[in-house]
Amino acid sequence: MSDPCLLPATTLAGLFARKALSPAEVLAAVLARIERLNPALNAIVTLDAAGAGAAARASESRWRAGVPLSPLDGVPFHVKDNIAVAGLPCVWGSPLFRDFVPERDELPVARLRAAGLVLLGKTNVPEFTLQGYTDNSVFGVTRNPWDPRLTPGGSSGGAVAALAAGLGPLALGTDGGGSIRRPASHAGVVGLKPSPGRVPRCDGLPAILLDLEQIGPLARTTGDLIALLSLLVAPDARDPSCRAMPPFLVPDALPRQRILYVPRFGAAPVNPEITASIAAVAVRLEGLGHAVEEGEPPFTVEELAAIFGPVGQAGLAWLLAEKGGEPTAPGLREMAAAGRGLSAAALFGAIDGIAAFRRRMAGFFGAWDLILTPAAAALPWPAKAVAPVTIARQAVGPRGHAVFTNFANIGGLPGIALPAAPAANGLPIGFQLVGASGADGLLCAMAREWEAAEPWAGRWPA
């Protein structure tokens, strides 16, 4: 049998059903791998080995009796450290939350535990999950398994590093401006930012990014991602946004999709290897029968920044006013100061801009089905650097690598990141597909078709 740490979640569950492998055996292998690899990667920052052991033994009894709680009963998963887990620290990358231990699971965690999955622990994040790399003054820096000198991105950097290293097959992340999709692209895994309301939320941390941030699944295969997402999508009255969601369905057969391929946003630079890799994706999707047309996005980077910036600034300033204290990261101190200086008119202008942008994108998806872009503009950069300072030999600001993703958050749109052909040095490259609000199932179907045509599950870091 292959190393169980390298098997997909759905494969593990099939072995449990046939009694060819047990949840306790899988957990033992995963814990041994965590002990061996995590000290160098620093992906998992809180490990609950005792709790995981009890959950695995209970799952083993259910499989033996033929009464699993779900198709993924007994499969290990980990949770990003800005998602509440009862009884485990929820540090949010900040000394201000070092001693915070929630009394309740946030709803998606509660659902996975009720489905019998085995919670391993919490994965590392940047402070307040507001930056695109993964380092903080409490736990330190997280490194990319593909090259430990480099970052896995952020803010779900710990989650993708753990997945890419085989420290568990499933993860919950969050995405407020690309924090699932960009790290997924840097680590060679698949990640979905759902439509607002697709994965109901309650009992979590303060929503400093409003509904721009969503909890979403991360996995190493599309089949695993779909299986995980299916356990999270039932409506819940405590989250009113889920009322607008159509049922989550992944079509078996895909009709021809009208895809707008956008290789760059205005003059923002893109790494040439990323450009070439995503251009090949566009050609391959056309070969799979879809109508792919290159064009410009229906917005500008400057327009998005004018909407996105005030929300994060005001949200952080509000949180700090409630909690007391200051961030340790210099960039976040500047962000909080900007938030304190915002007028109510500026904040409400940004909120009104979000509503107007969502109406415009709803009209856009009357003519198109999907948008194809790179998931990130840069390859991974040194692990302790906040962001690359140049891309394609052009100077860029702190979010120069992140230009492709936040339009989906502002627009209330689902987006998925999928592996493309890697760079010449083996570093992963990912592309992004974004669909209309509620089209999460379509994105999953496209991902499944792409993986069948261009499989990536056999790619592992040395």
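Some ground rules come first. Residues are numbered from 1 along each chain as its sequence is written, and side-chain values use heavy atoms, with hydrogens and water left out. In this predicted model, local features need pLDDT of at least 70 and side-chain atom pairs count only at pLDDT 80 or more, while totals for chains, interfaces and linings use all residues.

**Exercise 1.** Find how many salt bridges the whole structure holds.

*Solution.* Start with the criterion: a side-chain nitrogen of Lys or Arg within 4 Å of a carboxyl oxygen of Asp or Glu. Searching the whole structure then gives 19 salt bridges.

**Exercise 2.** Work out which parts of the chain arginine 62 and aspartate 73 tie together.

*Solution.* First, check the pair: the closest N and O atoms of the arginine 62–aspartate 73 salt bridge are 2.8 Å apart. Arginine 62 lies in helix H3 (residues 49–65) and aspartate 73 in the loop between H3 and strand E2 (76–80), so the pair ties together parts eleven residues apart in sequence. Last, look at burial, where buried means under 20% relative accessible area, exposed over 50%, and partly exposed in between (1.4 Å probe, protein chains only). Arginine 62 is buried at 18%, and aspartate 73 is buried at 0%.

**Exercise 3.** Decide whether arginine 198 and aspartate 440 are buried or exposed.

*Solution.* Their side chains meet in a salt bridge at 3.1 Å, N to O. Both arginine 198 and aspartate 440 are buried.

How values were computed
Helices (H or I, at least four residues) and strands (E, at least two) are DSSP runs, numbered from the N terminus.
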